[in-house]
Amino acid sequence: MAFNQTATAPSHKIRRCLLMAFALIALALTALPTASFAGTDTAGNVLATDNDANSSGVEGDLYWAGQALNLDDASIGRDIIAAGESLSIRDCTVGGAVRLAARTIDIAKTTVDGSVTVVGQHVVLNSDSTANCFYAIGETVALRGSTKSAALAGDTVTIDGTVEGDVEVWADKLILGKNAHITGTVNAHVSEDPERAAGAEVGALKIDRTENEDTSTVNDVIGGIVAAALSTCFVALLLELVFPRATASAAGMLHQRPIPLWVSGLLGTIAIVPAVLLLIISIAGLSLAGALLCGVIGIALVSSAFAGCAISRMVGHNQNRYAMAAVGGVIAGALTGLPLVGDFISGVAFVFMLGYVIQIIWRNAHLKPQQPANMPGLPTA
């Protein structure tokens, strides 16, 4: 896992996204059937889980997934690739690299010829451990062993070991312990000044101050709200021009039978993900899955404008429909542009429009030929 040492510091949101991605990978590996892992292939690679005995010697790679790995006094010829809840590697020798994803990771008294790349909540490269490079992302990251270079990202990063080269750090808090011995440069992208113990030796320390808080100014927030209001207003007017019967129909449903509208929208929102996954699993359903995804994306793009337009037409049914569409679009866009609550309002608008689409499909599927088209809840334009 290579880190670009000339790149700017990633934000905390990026770090959390990376953590989530690795956590999902770990969860997927853990959920795989045990039978698919147990065994040794012809190249000497070992695939193991919690149910397998601790291997004292592996000629090739060690692949492991499960709840807790306690690898003690083992010799691994090449790489270790493991994912689980708790990973502990002690008194081991690794001829290749180490790739780990877990909640807690502890590497102690272990020699790694290659690099160590780990991600978790609590990550430690303990004393008497050596590696060529140490790359780590976590909530708390501690480097107490020895490595030639390091790139560390976390809320709290502690360096209390030896680094023969440069170190890149992205953290809220950086602690340089008394046993820290760094011959190169520490490029610290931190939100507060590092804590440096009296015995810490650092070739050079470069600090790039970052802020955790949202640095958006009031003008930025207001500008975003205005832009969202104007764009949503334009889409609402376009919908009213092209689909006047749809907005009127949605207004009628919301006024006369709101419960089926909201319930169907909520159930449809919950069912979208499993429906797409089931269609993808079926080869014949790939095209249907693509069509469903395109439809969902389209609904998400116009849902705020459609909801604002429909609600405004319901409230001002005796007023000019274009004027009410513009007012509804402006209000809906401004609400979705608000900090904190904007995403929630957008989600409510999505549920509303999806419920309307489901209701229309349901009614058309059960509409008898002799029934008039002008049904309750479906007023004409």
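## Crossing of α2 and α6

In this predicted model, the crossing of helices α2 and α6 is right-handed, a crossing being left-handed if the near helix is turned anticlockwise from the far one by less than a right angle and right-handed if clockwise. Two packed helices are described by the angle between their axes and the distance between the axes. Here α2 and α6 (residues 321-336) pack at about 145°, with their axes 7 Å apart; axes are lines fitted to C-alpha atoms, for helices over the stretch in contact, and angles run from 0 to 180 degrees between N-to-C directions.

On the α2 side, the residues that meet α6 include I225, A228, A229, T232 and C233, and their partners in α6 include Y322, A325, A326, G329 and A332, where contact means heavy atoms within 4.5 Å. By class, this contact has 13 nonpolar, three polar and two charged residues, with Gly counted as polar, Tyr and Cys as nonpolar, and Asp, Glu, Lys and Arg as charged.

## The two helices

Helices are DSSP runs of H or I with at least four residues, and strands are runs of E with at least two, numbered from the N terminus.

Buried residues (under 20% relative accessible area, with exposed over 50% and partly exposed in between, 1.4 Å probe, protein chains only) include A236, L239 and E240 in α2, and M324, G328 and T336 in α6.

## The ends of α6

At the start of α6, a side-chain oxygen of N320 reaches to within 3.0 Å of the backbone nitrogen of Y322. The side chain of T336, a residue of α6, reaches the backbone oxygen of G333 at 2.8 Å. Leaving aside neighbours within four places in sequence, T336 is in contact with S304, G342, I345 and S346.

## Positive phi in two loops

K109, in the loop between β9 (98-108) and β10 (111-112), has a positive phi near 50° without being a glycine, and counts as partly exposed at 48% relative accessibility. D128, in the loop between β12 (122-125) and β13 (130-143), has a positive phi of about 65° and counts as exposed at 59%.

## Basis of the values

Residues are numbered from 1 along each chain as its sequence is written, and side-chain values use heavy atoms, with hydrogens and water left out. As the model is predicted, local features need pLDDT of at least 70 and side-chain atom pairs count only at pLDDT 80 or more, while totals for chains, interfaces and linings use all residues.

Note on methods. Polar contact = N/O pair within 3.5 Å; in protein donor to acceptor, adjacent residues only side chain to side chain.
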